[in-house]
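Open the model in a viewer and keep the selection panel at hand. The stops below go by residue number.

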Amino acid sequence: MSLRVVAANLLKKIRFPSRSASSTSVVTSNALPISLPGENFTCHWHRPGAHGWRTCSRGPCLWTVIYGHLALIIGINANPVFAKDASKEAVLDSDAEKDDITGLQKIEDGSVVSNIHTSKWRVFTDKGREFFLEGKIDEAEKLFLSAVQEAREGFGQRDPHVASACNNLAELYRVKKAFDKAEPLYLEAISILEESFGPEDIRVGAAAHNLGQFFLGQRKLEEARVYYAMALKIKRRVLGYNHPDCSDTMYHLGVVLYLQGKEGDAEAFIQDSIRMLEEGGEGESSICIRRLRYLSQIYMKSHRYAEAEMIQRKILHNMELSKGWNSLDTIAVAEGLALTLQASNNLKASQELLQRCLDARKVILPHDHIQIGANLLHLARGVVLNSSQLHKWDASGEAELDRAKEHLNNSIRIARQVLNKLLKQKVNTKDYGVLGRSTKERQVALIILLQSLSTLASLELAKQGLLETQEEHANREARKALVQCVSAYREYVSEKSVADSPEIKKEYLSCLKRAQDFLDGKFAEEPTN
């Protein structure tokens with residue numbers, strides 16, 4: 001269907017009111033919440049004619065991998081509408097945000113000012129939003145391009161409505177990873193807002209936050225830092241130091257500083273953002289919990305296990321009270337605590353908690369779900385770590401190693417099944433949302449597969465030392481697992497988005513090095529049967 005037909009059909013539903021020559025044309029649009037697949041977000045927007053900011057948080061926590069943080073600015077009218085992503089990690093929420101059209105500005109005779117171009121702008125924006133949320137990215141792109149043109153003709157080249165239209169198109173290009181097309185649109189939007197409202201207006205602050213999100217998503221850290229700092233300065237001045245929107249920007253600025261290696265400053269910003277949420281009565285909110293989890297990961301990476309454990313126990317306590325153990329969110333938090341205990345060498349407590357997680361997951365999920373595969377891997381790793389601290393095991397120890405091997409074989413089987421299913425799904429769809437989720441799920445499944453095969457090699461070598469098995473047999477089994485690990489990487493890494501994962505590269509290079517050690521530095525892929 002052509003844009004002309006779409007516009008004609010939808011314009012039939014719009015009543016064109018009388019126009020006052022003394023008034024400025026103003027038409028509002030539905031908010032357009034857009035996020036990358038795999039993300040959560042919190043929207044903050046100002047309703048025309050209302051006081052304060054309205055907030056809507058949504059999206060479940062991702063159970064295993066944290067991704068970048070991205071945001072947007074939307075539906076600008078005479079009193080601009082803004083939304084932005086405050087997530088740290090996450091998954092795509094399938095429920096689309098559906099906001100009523102609000103804030104139509106009245107003129108003295110009670111009518112709403114409009115013209116054909118502004119009405120088309122609204123039609124193209126709303127229909128583009130629908131297409132986008134349905135995953136029809138190419139159709140949405142055509143409509144957003146037309147919306148930009150209609151905004152320029154209806155409102156003027158430097159009107160805030162043009163900033164809205166440019167931003168929506170930029171968001172679409174960001175999702176398509178057409179960053180070279182998105183960046184100039186973002187910059188034009190913020191330039192128009194600065195010109196229209198002044199460089200320290202709150203709308204400029206929101207747009208600066210969004211631009212920081214855009215640069216953070218590309219790991220352009222210094223650019224992201226500059227715009228986040230700019231946004232925070234404006235928001236503090238206009239909204240007050242303890243406003244939740246300041247907390248959001250502080251958190252993201254802390255993330256950028258951490259990625260830049262400025263851990264002390266990063267920790268201070270993140271802790272302060274968490275404190276502000278807690279003092280505002282949001283200490284048990286999903287946003288606060290995600291930030292606490294991120295802070296605990298910072299502590300884990302710097303080997304501050306006691307501090308990480310304290311935070312994770314706090315989170316788990318809140319989750320047990322609010323959701324109980326029939327929630328995958330609670331299980332994910334418990335698993336994180338178990339891995340912290342494992343890293344701090346509290347293996348007995350770790351194994352008990354991991355087993356509880358596995359039992360709970362088996363009640364909720366199919367037995368071939370990737371989360372169960374990861375859980376089995378963690379349990380097997382605990383056994384291998386425990387074996388490395390012993391000189392010799394008895395019969396019960398041998399049985400424990402056998403169970404660990406069974407866990408690993410099941411984890412390998414599950415990961416392969418998931419990868420094969422996702423590869424088939426990739427061939428049969430062009431939906432950007434599905435493709436984005438598929439890429440992340442493939443990354444997770446491949447990491448689990450590589451780690452399971454590597455751990456299986458370690459287990460075979462542990463059995464050799466503890467159970468006095470034949471060295472030749474143990475080495476052969478360990479080498480077989482490592483060769484399978486290298487082969488799995490070559491089999492399932494078929495695109496750059498998967499190959500660029502640091503975790504996948506790390507696991508692959510580790511397997512490759514160990515395999516080479518078995519062959520005196522000369523590794524050649526051989527049949528493993």
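The tour covers a disulfide, then aromatic ring pairs, then charges over rings.

This is a predicted model, in which local features need pLDDT of at least 70, side-chain atom pairs count only at pLDDT 80 or more, and totals for chains, interfaces and linings use all residues. Numbering runs from 1 along each chain as its sequence is written, and side-chain values use heavy atoms, with hydrogens and water left out.

Select Cys485 and Cys511: their sulfur atoms are 2.2 Å apart and form a disulfide (a pair of cysteine sulfur atoms within 2.5 Å). The pair links distant parts of the chain, with Cys485 in helix H17 (residues 471-492) and Cys511 in helix H19 (residues 502-518), 26 residues apart; helices are DSSP runs of H or I, at least four residues, numbered from the N terminus. The torsion about the S-S bond is about 75 degrees, so the disulfide is right-handed.

Next, select Phe179 and Phe214. Rings of Phe, Tyr and Trp (its six-membered ring) pair if their centres lie within 6.5 Å; planes under 30 degrees apart count as stacked, over 60 as edge-to-face and the rest as tilted. The structure holds eight such aromatic pairs. In this one the centres are 5.9 Å apart and the planes at 65 degrees, so the pair is edge-to-face. Phe179 is partly exposed at 24% relative accessible area, whereas Phe214 is buried at 1%.

Move to Phe215 and Tyr227, a stacked pair with centres 5.8 Å apart and planes at 25 degrees. Ring pairs link Phe179, Tyr186, Phe214, Phe215 and Tyr227 into a cluster.

Finally, select Arg356, which lies over the face of Trp325 at 4.0 Å from the ring centre (CZ of Arg or NZ of Lys within 6 Å of the ring centre and within 35 degrees of the ring normal).

Note on methods
Helix = DSSP H or I, 4+ residues; strand = E, 2+ residues; numbered from the N terminus. Buried < 20%, exposed > 50% of the residue type's maximum accessible area, 1.4 Å probe, protein only.
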